[in-house]
Amino acid sequence: MLRLHVVVTSTRPGRVGLTIAQWFLERARQHGKLEVELVDLKEIALPAMDEPKHPRFKKYEHEHTKRWAAKVAEADAFVFVTPEYNYSGPPALLNAFDYLYEEWTYKPVAFVSYGGVSGGVRSVQMTKLTVTALKMMPLPEGVIIPWIGKLLDEHHVFHGGEAFDQAAVVMLDELTRWAGALKTLRS
């Protein structure tokens, strides 16, 4: 079965990305076509890029980089759960991309974005530029969650709803197709 990593990209205190990722993780498991794992950049805790050699050489010196490279390499597809910071993505996500190269290539990526009026789509658009430079395939299908503050319950938990659930299924169907097709390029 193809492996999907659902990546929580926000690392800041008070973040809501984890509850959204947990909601999406359940949808992905119900979908049943991908083996799903949650990856939290806060737990990965990469320092600011500190490898002396360019990632294309894969001559990693630090253990945190070697662990990160192994984690990324084992995935066939990614969903990034991402907020929008100043019309862009979280710094931890860009840093995580910059550590590696080959481990990212020829893998599809989709986004569950959240925020205010834009639902994080500006963050997604900026991040798509980066992932294409890494030879990843960003999908047009996604889950966009606007006004996230109004969609959390009293315990700050996101429960989704019919429109979000349907968007997740459409995105997962496409992600599964692309993951299978792109796997042949990595063989």
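First, the ground rules. The model is predicted, so to speak of local features I need pLDDT of at least 70, side-chain atom pairs count only at pLDDT 80 or more, and totals for chains, interfaces and linings use all residues. Residues are numbered from 1 along each chain as its sequence is written, and side-chain values use heavy atoms, with hydrogens and water left out.

Start with the overall fold. The protein chain has six helices and five strands; these are DSSP runs numbered from the N terminus, H or I with at least four residues for helices and E with at least two for strands. In sequence order the pattern reads β-α-β-α-α-β-α-β-α-β-α. Along the principal axes, the C-alpha atoms fill a box of roughly 45 × 35 × 25 Å. The radius of gyration is 16 Å, which agrees with the value near 16 Å for a compact globule of 187 residues. That radius is taken over C-alpha atoms, and the globule rule is 2.2 Å times the number of residues to the power 0.38.

Contact here means heavy atoms within 4.5 Å. Of the contacts between residues at least 6 apart in sequence, 80% join residues at least 24 apart. Buried residues make up 48% of the 187, where buried means under 20% relative accessible area, exposed over 50%, and partly exposed in between, with a 1.4 Å probe and protein chains only.

On charge, there are 22 positive and 22 negative side chains, and the centres of the two sets lie 5 Å apart. Lys and Arg count as positive, Asp and Glu as negative, with His and the chain ends not counted. Each charge is placed at NZ of Lys, CZ of Arg, CG of Asp or CD of Glu.

Now the helices. Helix 3 spans residues 63-73, and its buried residues are H64, T65, W68, A69 and V72. Seen down the helix axis, these fall within an arc of 135°, so they line one face of helix 3; the arc is that of the directions from the axis to the C-beta atoms. Their cover includes strand 2 (35-40), helix 2 (41-44), strand 3 (77-82) and helix 4 (91-98). Helix 4 in turn buries L93, N95, A96 and F97, and the cover over those includes helix 2, helix 3, strand 3 and helix 5 (121-133).

L139 sits in strand 5 and has a relative accessible area of 1%. Leaving out residues up to four places away in sequence, L139 touches V109, A110, K128, M171, E174, L175 and W178. M136 lies in the loop between helix 5 and strand 5 and is buried at 5%. With neighbours within four places set aside, the contacts of M136 are F78, W104, K107, V109 and V131.

Last, backbone angles. Most residues other than glycine have a negative phi. Y106 has a positive phi of about 55°; this residue is in the loop between helix 4 and strand 4 (108-114) and is partly exposed at 30%. W147 also has a positive phi, near 50°. W147 belongs to the loop between strand 5 (137-145) and helix 6 (162-186), and is partly exposed at 45%.
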